[in-house]
Amino acid sequence: MQISPNCRAFAPFIAVTLAFGLGGCTAHGDYPSLARRPIERISGTAQVAPATPPTIIAETPAASADLASKLSALEVKAHISDSQFRSKIALTETTIAAGHGTEIASKAWSNAMTALSDLETTRTDTAKVLIALDVLEIANRNARLTADQAGSADPRILAVRDEIGGIIADEDKKLKALRITLGL
């Protein structure tokens with residue numbers, strides 16, 4: 001086998017590198033043991049702290065009045081959104097009737113889809129009120145963590161939620177009928 005002249009120039013360099021590199025493998029002395037060291041045998045001695053009972057917070061009259069005002073504001077928002085929804089229904093029904101049976105992406109169909117989308121956006125505004133009511137209920141339950149109430153829901157919140165849920169259910173029925181008319 002012939003060694004090229006370029007390889008011969010690197011031969012001394014390779015020999016020296018191997019000599020130093022392999023020399024490290026034959027170091028004198030004892031190698032460190034892989035057995036457990038004394039520091040690795042120490043175990044924890046921390047004591048578990050005794051559990052503290054939860055803090056009981058009773059609902060104050062001020063919190064009750066504040067809840068009533070928040071519920072009233074949410075009811076007003078829901079009714080405003082619902083009235084906006086109802087005011088848009090007639091125009092949306094007319095636009096959807098004009099788009100019914102037309103080709104997809106025709107001008108009449110596009111106008112119907114835009115009107116339906118606008119009505120759905122108004123319905124979303126009503127649903128946001130329901131979301132805000134859920135957040136209020138969670139905060140109220142956390143504040144009512146007393147021995148006798150155990151974080152139960154305030155009946156006033158449940159009544160408003162049922163009312164707003166009914167509004168949303170009615171809006172959903174109307175939207176479903178409009179989608180069916182449009183063929184969606």
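Trainee: Which residues make up the largest nonpolar core?

Mentor: A nonpolar core is a set of buried Ala, Val, Leu, Ile, Met, Phe, Trp, Tyr and Cys residues joined through side-chain atoms within 4.5 Å, where buried means under 20% relative accessible area, exposed over 50% and partly exposed in between, with a 1.4 Å probe and protein chains only. The largest such core here has 12 residues: Leu67, Leu71, Leu74, Ala78, Ala127, Val129, Leu133, Leu136, Ile157, Val160, Ile164 and Ile168. At least two residues of this core come from each of helix H2 (61-99), helix H3 (107-143) and H4, helices being DSSP runs of H or I with at least four residues, numbered from the N terminus. Another core, of 10 residues, lies apart from it and has among its members Ile89, Leu116, Leu175 and Leu178.

This is a predicted model, in which local features need pLDDT of at least 70 and side-chain atom pairs count only at pLDDT 80 or more, whereas totals for chains, interfaces and linings use all residues. Residues are numbered from 1 along each chain as its sequence is written, and side-chain values use heavy atoms, with hydrogens and water left out.

Trainee: What does Leu71 touch?

Mentor: Taking contact as heavy atoms within 4.5 Å, and not counting residues up to four places away in sequence, Leu71 touches Leu133, Leu136, Arg156, Ile157 and Val160.

Trainee: How many residues does helix H4 have, and what should they span?

Mentor: The expected span of a helix is 1.5 Å times one less than its number of residues. The 28 residues of H4 (residues 155-182) should therefore span 40 Å, and the end C-alpha atoms are 41 Å apart, which agrees. The buried residues of H4 include Glu171 as well as Ile167 and Leu182, and the helix is followed by Gly183, whose phi is positive, near 90°.

Trainee: How many salt bridges are there in the whole structure?

Mentor: Side chains of opposite charge can pair when their charged atoms come close. With a salt bridge taken as a side-chain nitrogen of Lys or Arg within 4 Å of a carboxyl oxygen of Asp or Glu, a search of the whole structure finds 9. In one of them Asp134 meets Arg161 at 3.2 Å, N to O; this pair links distant parts of the chain, with Asp134 in helix H3 and Arg161 in helix H4, 27 residues apart.

Trainee: Which residues are linked in a network of salt bridges?

Mentor: The network links Asp82, Arg86, Asp170 and Lys174. Asp82 and Arg86 have their closest N and O atoms 3.0 Å apart, while those of Asp170 and Lys174 are 3.3 Å apart. Asp82 counts as buried because its relative accessibility is 9%, whereas Arg86, at 39%, counts as partly exposed.
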